[in-house]
Amino acid sequence: MAELSDRLLFVAVLVYALAMLAFAGAAATRSARRATAAAPERVLVGAGGPPVAAPPAPATGSPTAAVSRAGRAAVALTALGWAVHVGSVVTRGLAAGRVPWGNMYEFSSCAALIAVTAFLVLLARRRVDVTVGAFVMVPVTLYLGLAGTVLYTKAGPLVPALNSYWIKIHVAAAVTASGAFLLSGVIALLYLLRGRHDEMVERGRTPKFPLSLGQALPPAPALDRAAYAVIAFAFPVWTFAVIAGAIWAEAAWGRYWGWDPKETWSFITWVLYAGYLHARATAGWKGRKAAWVAVAAAGALIVDYYVVNIFVVGLHSYAS
Amino acid sequence: MTTVQQAPDEATRLSTAPAPPAAPGRGARPAPLRTAWRQLTSMRTALLLLFLLALAAVPGGFIPQRSTNPVEVRDYTAEHTTLAPLLDRLSLFDVFASPWFSAIYLLLFLSLAGCLVPRIRLHARALRTAPPRVPAALSRLPVSERWESDAPAEQVLADVRRALRRGRWRTVARDGAVSAEKGYLRETGNLLFHVSLVALLVGIAVGSFYGFKGTVLVKEGDGFANTVLSYDDVHPGRRFSPDRLVPFVVGLEQFTATYTDEGRALTFDAALDWSATPGGPTRPYDLRVNHPLDVDGAKVYLIGHGYSVTVVVRDRAGNELPQTVPCLPQDANFLSSCVIKAYNALAPDGKREQLGFEGQLTPTTVQDPTTGQVTSVHPAADNPALTLVGFRGDLGVDSGEAQSVYTLDTSRMDQLSGPPQGLRPGQTWDLPGGGSLTYEATSEWATFQVTQDPGKVLALIASAGMVLGLLLSLFVRRRRLWVRVAAPAGEQGASGRTVVEVGGLARTDPEAFGTEFAELVERLRDRAAPIAVPRPGTGDLRG
């Protein structure tokens with residue numbers, strides 16, 4: 001069962017990589033079309049799960065048809081990869097006889113799964129379109145690939161400190177919020193990219209690589225709203241994760257808060273996301289500055305998970 | 001701050017956030033104190049303080065902290081003799097108790113309070129105020145709709161109002177129009193979140209002022225009472241008084257740890273016998289990690305364990321001096337350092353001649369065949385061995401200086417000749433020059449932490465309030481709706497029709513509101529639909 005899980009993860013990474021290429025193709029076609037067309041037309045591809053319920057592509061050779069075909073293939077591949085990924089996580093849990101988020105490798109796999117899930121939800125709700133896909137799938141593929149190689153741990157039982165029903169609650173919430181936050185970080189970066197791109201165009205200059213990538217992206221306000229929607233979902237979940245962690249710490253270590261490095265970085269992450277939510281409602285901070293806060297907060301989250309677990313000695317060190 | 005830009009009149013202002021202060025009139029210079037207060041409570045200052053707070057916590061996440069890792073701080077200080085004192089002067093080893101960290105969060109909470117009080121007042125007023133009057137041009141609102149109906153105006157108005165009320169809108173009818181508003185819980189949630197934040201800080205403060213924490217090492221068969229003197233290490237709060245300690249006694253019957261073959265810990269179990277009254281009847285308790293013992297708000301936690309060795313030292317006068325000493329674990333396989341002191345050992349002539357031993361306990365012992373070095377390869381005591389060197393002389397306890405039981409001062413002692421002696425349980429070492437040491441058995445010890453935190457419950461309630469408040473403030477949408485119903489200009493009759501105009505406004509998630517608005521209009525239209533008034537000529541269906 002453990003082997004099956006490993007093999008499924010490998011397949012998921014492979015399918016995600018293919019989806020990434022298909023997304024890149026869709027964005028490139030879109031980009032070419034936007035460059036030529038006077039009035040760009042928005043083509044959205046919805047994803048409602050593996051059987052993509054979309055009308056058959058018109059059998060013409062127009063760029064729009066090419067976009068929707070490449071885009072649909074990309075979304076279908078992502079959904080397929082997602083299903084395989086779910087299979088990998090479930091079999092891992094069955095193999096270990098516990099929740100499949102007991103060490104760094106498993107946590108990373110679950111966080112990537114949440115990020116892909118959130119991305120598919122955004123696509124289905126038409127918050128973003130397929131042009132965002134390549135930018136999401138590149139980090140997801142790399143992240144999952146690294147998790148499967150560098151952080152890989154054999155399926156095994158939990159250490160006593162982790163052996164509590166709180167692992168189901170605290171870590172599940174942390175994983176969910178982390179996956180969504182990472183996605184929001186990518187979208188915030190894309191918003192910044194698109195904003196810079198538009199600014200250059202307004203000034204009559206031709207944006208060079210990598211700013212030229214902004215051309216195919218959804219309009220900046222849509223990206224801003226999408227990033228906000230993801231953070232508005234993830235922030236209460238993260239708050240809950242930190243509180244559940246505090247309740248667990250009270251049961252396991254005799255205090256609910258002790259500024260352990262992991263607690264400190266969770267606090268920093270929380271404060272930065274709180275800052276983002278306030279910044280988005282404050283004159284002079286809306287838009288680009290707020291987006292940078294979201295990026296910084298995602299950075300703090302990465303420090304919280306990877307730097308603290310690997311390099312800093314603390315009570316959460318058992319995870320590696 | 002959050003006024004609607006397109007339509008800044010009172011009706012379309014959806015937020016109860018205070019409006020930006022009006023520019024002071026000429027001549028009326030604001031008092032400096034007032035200006036400072038206004039600055040402090042502005043959103044921009046709050047935001048800066050928030051970022052400062054995150055930034056200030058960063059060193060606490062990288063530099064070892066006294067509160068969590070005193071050993072590492074000591075090592076660091078010993079290693080960096082020039083840098084460490086500088087860091088210490090900047091409180092960088094005690095970031096979260098430092099004056100600058102406290103200053104930031106106190107200012108932040110002051111700013112929060114200054115913002116919160118007026119907002120609570122405004123929101124309380126908003127809750128009692130009827131939705132604002134209908135704006136002049138409904139068609140200029142972000143979403144609007146207009147249709148005609150054959151029903152009389154009063155009936156349409158009543159129907160619309162009933163439909164909105166059913167949808168839990170707050171409505172008021174004035175001058176042939178209905179004003180409706182929904183989503184007050186958004187601001188309620190927002191305020192609840194921030195008030196809970198203040199309550200959380202109060203809970204933390206109560207805990208740190210009136211709380212108590214003590215740790216104690218207990219060997220199997222021993223116990224302790226919940227008194228300040230019982231503990232090896234105590235952290236009382238600034239306002240803590242010892243009579244607040246809940247009375248109880250705890251005895252450690254047995255400690256059991258289980259491991260995987262690779263040496264990963266599976267379970268830790270401390271079988272306790274405890275009593276709420278010293279000398280009273282005892283009750284058993286199975287203390288585990290994640291499963292503390294709660295005695296009237298004082299909690300006993302299992303936080304560590306290790307091995308003890310039981311030895312019998314025989315001095316040269318023939319006295320038997322049995323003792324059990326805890327050994328301190330040095331690595332993950334519980335290679336532990338042991339110190340044995342025989343204070344009352346005597347020489348054959350009856351004079352005092354103390355004995356001291358130091359060495360290692362290896363629970364699962366493996367000896368390197370070439371070097372003779374012993375190591376432990378597993379944390380369980382499957383094949384224990386004790387390797388010791390011995391000393392004879394003066395242990396130095398009479399100097400009056402406090403001495404740790406875990407270290408041996410050999411400055412006034414002579415080492416016994418011969419190589420370090422390896423012992424298995426039951427084996428006896430005949431000491432050079434007379435006397436002996438028998439390694440009898442291995443047992444376990446556990447460390448317990450006892451905590452009393454009277455602010456804990458408040459902190460928990462506040463945390464729940466924070467999550468609830470957040471959910472409300474992020475997912476409830478505040479929106480307004482106006483319906484104007486105009487009676488036909490002429491006489492009520494077949495030709496004149498009632499004109500219904502609807503307009504809506506939402507601050508957040510306009511897309512979702514657009515959908516909701518369309519559905520609402522659909523429903524209102526149904527309600528306000530013409531009662532089948534047969535038109536002349538078409539009424540007779542048989543025709």
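1. What percentage of the 543 residues of chain B count as buried? The model under review is predicted, and in it 32% of the residues of chain B count as buried. Chain B holds nine helices and 24 strands. Of its contacts between residues at least 6 apart in sequence, 64% join residues at least 24 apart.

2. The domain assignment divides chain B into four parts: domain 1 (1–16 + 33–129), domain 2 (131–183 + 477–530), domain 3 (208–305 + 449–462) and domain 4 (307–446). Between the C-alpha centres of domain 1 of chain B and domain 4 of chain B there are 54 Å.

3. An open sheet of chain B deserves attention. Its five strands follow the order S1-S24-S23-S3-S2, with antiparallel pairing. Strand S1 (143–149) and strand S2 (170–174) of chain B each have a single partner strand and stand at the edges, so one side of each has no neighbour in the sheet. On average, neighbouring strands of this sheet are turned by 15° against each other, direction ignored.

4. The pairings within that sheet can be followed strand by strand. S1(B) is joined to S24(B) by seven bridges, and B:Glu148 has B:Val499 in S24(B) as its bridge partner. Eight antiparallel bridges link S23(B) and S24(B); here B:Val483 stands opposite B:Val502 in S24(B). Strand S3 (residues 177–182) of chain B and strand S23 (residues 479–486) of chain B run antiparallel and share six bridges, with B:Glu181 placed opposite B:Arg480 in S23(B).

5. Is strand S24 (residues 498–506) of chain B mostly covered or mostly uncovered? S24(B) is mostly covered, as seven of its nine residues are buried.

6. B:Gln323 belongs to strand S12 (residues 320–326) of chain B. Why does B:Gln323 count as partly exposed? The reason is its count of 15 C-beta neighbours inside 10 Å, because a residue is buried only at 20 or more and exposed at 12 or fewer. Leaving aside residues up to four places away in sequence, B:Gln323 touches B:Val311 and B:Ile340. The C-alpha atoms of B:Gln323 and B:Ile340 are 8.4 Å apart, although 17 residues separate the two along the chain.

7. The interface between the chains brings 43 residues of chain B into contact with 38 residues of chain A. On the side of chain B, two or more residues each come from helix H2 (43–62), strand S8 (265–275), strand S11 (298–314), strand S22 (436–452) and helix H8 (456–475). H2(B) gives the largest share, 13 residues. By class, this side of chain B has 25 nonpolar, 13 polar and five charged residues.

8. Chain A is assigned two domains, domain 1 (1–52 + 62–157) and domain 2 (159–320). Contact between them involves 28 residues of domain 1 of chain A and 25 residues of domain 2 of chain A. Helix H1 (2–36), helix H3 (104–124) and helix H4 (133–149) of chain A are the elements that give two or more residues to the domain 1 side. The largest share of that side, eleven residues, is provided by H3(A). The residues on the domain 1 side comprise 20 nonpolar, four polar and four charged.

Methods: Residues numbered from 1 in each chain as written. Chains lettered and ligands numbered in written order. Predicted model: local features only at pLDDT ≥ 70, side-chain atom pairs only at ≥ 80, totals over all residues. Contact = placed C-beta atoms within 7 Å. Helix = DSSP H or I, 4+ residues; strand = E, 2+ residues; numbered from the N terminus. Nonpolar A, V, L, I, M, F, W, Y, C, P; charged D, E, K, R; others polar. Domains from an automatic or database assignment. Pairing = 2+ DSSP bridges. Axes fitted to C-alpha atoms, helices over the stretch in contact; angles between N-to-C directions.
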